[in-house]
Amino acid sequence: MKLTRKAALVLAAVPAIVFITPTGTAGAHGYVSSPASRAAQCAAGVVDCGPTGPRYEPQSAEGPKGQTTCSGGTRQDFEVLNDDNKGWKVTNVGSTMTVTWTFTARHATRDYEYFIGGTRVGFVAGNNQQPNNPTSHTINLGGFTGRQKLRAVWNIGDTVNAFYSCIDINIGGGTPPPTTTTATPPPTTTTTTTQPPVGGSWAPNTPYATGATVTYGGASYRCRQAHTSLTGWEPPNAAALWERI
Amino acid sequence: MKRLVIALAVLALAGCGGEAIVPEGQGAHGHGASSAAPPVPAASARFNDADVVFAQMMVDHLQLGVSLSQVALAKATKKEAKDLAGAIDATQREELSMLKSWLKLWGKPEDGGKDLHAAHGGQPLLDDKVISDTKDKSGAEFDLAFLNLMAGHQGAAVEMALAEKKDGSNPEAIAYAERVTTIRQGQISQMLKVISDQ
């Protein structure tokens, strides 16, 4: 009887785990921030990647080691990273390039791998140590030229998983990429993060100097701390930044 | 057994199965209260374990962010980096006093214990040593280190806030998690633009 009860508890818990894991939030992640990877462009609002996924968690393109995708293949809302026709910003590079990672937590690292197509053009051992901050690698692009997709992989030392980050590059002396693949920022770039002022002069994504005055919701405020405004930092919601006058 | 199952379920909810437990670094504590003492939104008394874990982890997280911002206020060369450090310093002190008042109301300690992070997503990016090491850098090298660390650190806040929005029950804590998601995403967007312009 007791055993049955235990089994029932286990069975009750298992579907919850199976159901939650694919959409759940996980920790200890990373992505390439420079040059701006596809996920970094989602998070920066340069490309509209939808309401969830890499917009809020550019660090979570995770999947089992050995994937050949940009998304890691685990979460549906990261599939946008595999779309080559999304208008990703292309970075001009020479025959070598420096790649910088941003991590959200520390993780023992097996190694880093860099691929163009099926060719591994870069490998950096991790020795199961935690990464330096920031971690930058200079990659020799192995004679590839023109428009390419560099796939950066962070292989974790203490789990079966890896993190994937794709960077769109144009290799070779700053030649402009072909017009068919040139990324143009979509017209919605700023509207995704900008909301219309609510009856006042305050606006998000605007630099304000200490002492600047704005109106918001019928009241006046003076800036106490220089900053670039954000949605969420409206004057009534950020007393540390705005003093009502 | 029941306790183990619950623990496993909690681990799964936090998405951190398979994490290795490694010794925790020293948290950064002991900063003075903000000179500005704005009114603090009170939290209602109804809460669950996810609310407590979120508040405790955020207390540690906010303090580490304030510590790194203090270094950047002294060392950052780019105006965008220095301004952001100042704004994070000011706003996170405000958030800290709010969360501490909630934990007090709930009768829970501010410090969730040394295993809290290991059990909920891995060791934090920042600790006293990582923050201290940035002091050896200067100029553009410091700016890049600061922006990368802060972008990653705030990304972890988004992860915690998403977990709270899913699992928490306290209305004020869930509303705060919503604000954290929006504000940190905005900060990360600002930082990534500066990083990719370098």
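In this predicted model, Thr96(A) has Asn140(A) in β7(A) as its bridge partner. The strands concerned, β4(A) and β7(A), run antiparallel and are joined by 6 bridges.

These strands belong to an open sheet of 3 strands in chain A, ordered β1-β4-β7 with antiparallel pairing. The edges are taken by β1 (30-34) and β7 (135-140) of chain A; each has a single partner strand, so one side of each is left without a neighbour in the sheet. On average, neighbouring strands of this sheet are turned by 35° against each other, direction ignored.

The loop between β4 (96-103) and β5 (109-116) of chain A contains Arg106(A). Is Arg106(A) buried or exposed? Arg106(A) is buried, because 23 other C-beta atoms lie within 10 Å, and the cut-off for a buried residue is 20 or more. Between the C-alpha atoms of Arg106(A) and Asn128(A) the separation is 11 Å, with the two residues 22 apart along the chain.

Chain A as a whole comes to 2 helices and 14 strands. Of its 245 residues, 40% count as buried. Considering contacts in chain A between residues at least 6 apart in sequence, 56% join residues at least 24 apart.

Chain B meets the sheet through a helix. Helix α6 (residues 139-167) of chain B lies across β1 and β4 of chain A and runs at about 40° to β4(A). From its first C-alpha to its last, α6(B) reaches 42 Å with 29 residues, close to the 42 Å expected at 1.5 Å a residue. Of the 29 residues of α6(B), 24 are buried, so this helix is largely enclosed by the rest of the structure.

Two packed helices are described by the angle between their axes and the distance between the axes. The axes of helix α2 (residues 49-75) and helix α3 (residues 79-106) of chain B come within 8 Å and cross at roughly 150°. This angle makes α2(B) roughly antiparallel to α3(B), since angles over 145 degrees count as such. The crossing in which α2(B) passes α3(B) is left-handed.

The angles reported for these elements are set out below.

| Elements | Angle |
|---|---|
| Neighbouring strands of the sheet β1-β4-β7 (chain A) | 35° on average, direction ignored |
| α6(B) and β4(A) | about 40° |
| α2(B) and α3(B) | roughly 150° |

How values were computed: Residues are numbered from 1 along each chain as its sequence is written. Chains are lettered from A and ligands numbered from 1 in the order in which they are written. This is a predicted model: local features need pLDDT of at least 70, side-chain atom pairs count only at pLDDT 80 or more; totals for chains, interfaces and linings use all residues. Helices (H or I, at least four residues) and strands (E, at least two) are DSSP runs, numbered from the N terminus. A residue is buried if 20 or more other C-beta atoms lie within 10 Å of its own, exposed if 12 or fewer, and partly exposed in between; C-beta atoms are placed from the backbone. Two residues are in contact if their C-beta atoms, placed from the backbone, lie within 7 Å. Two strands pair if DSSP finds at least two bridges between them. Axes are lines fitted to C-alpha atoms, for helices over the stretch in contact, and angles run from 0 to 180 degrees between N-to-C directions. The expected span of a helix is 1.5 Å times one less than its number of residues. Angles under 35 degrees count as roughly parallel, over 145 as roughly antiparallel, 65 to 115 as roughly perpendicular and the rest as oblique. A crossing is left-handed if the near helix is turned anticlockwise from the far one by less than a right angle, and right-handed if clockwise.
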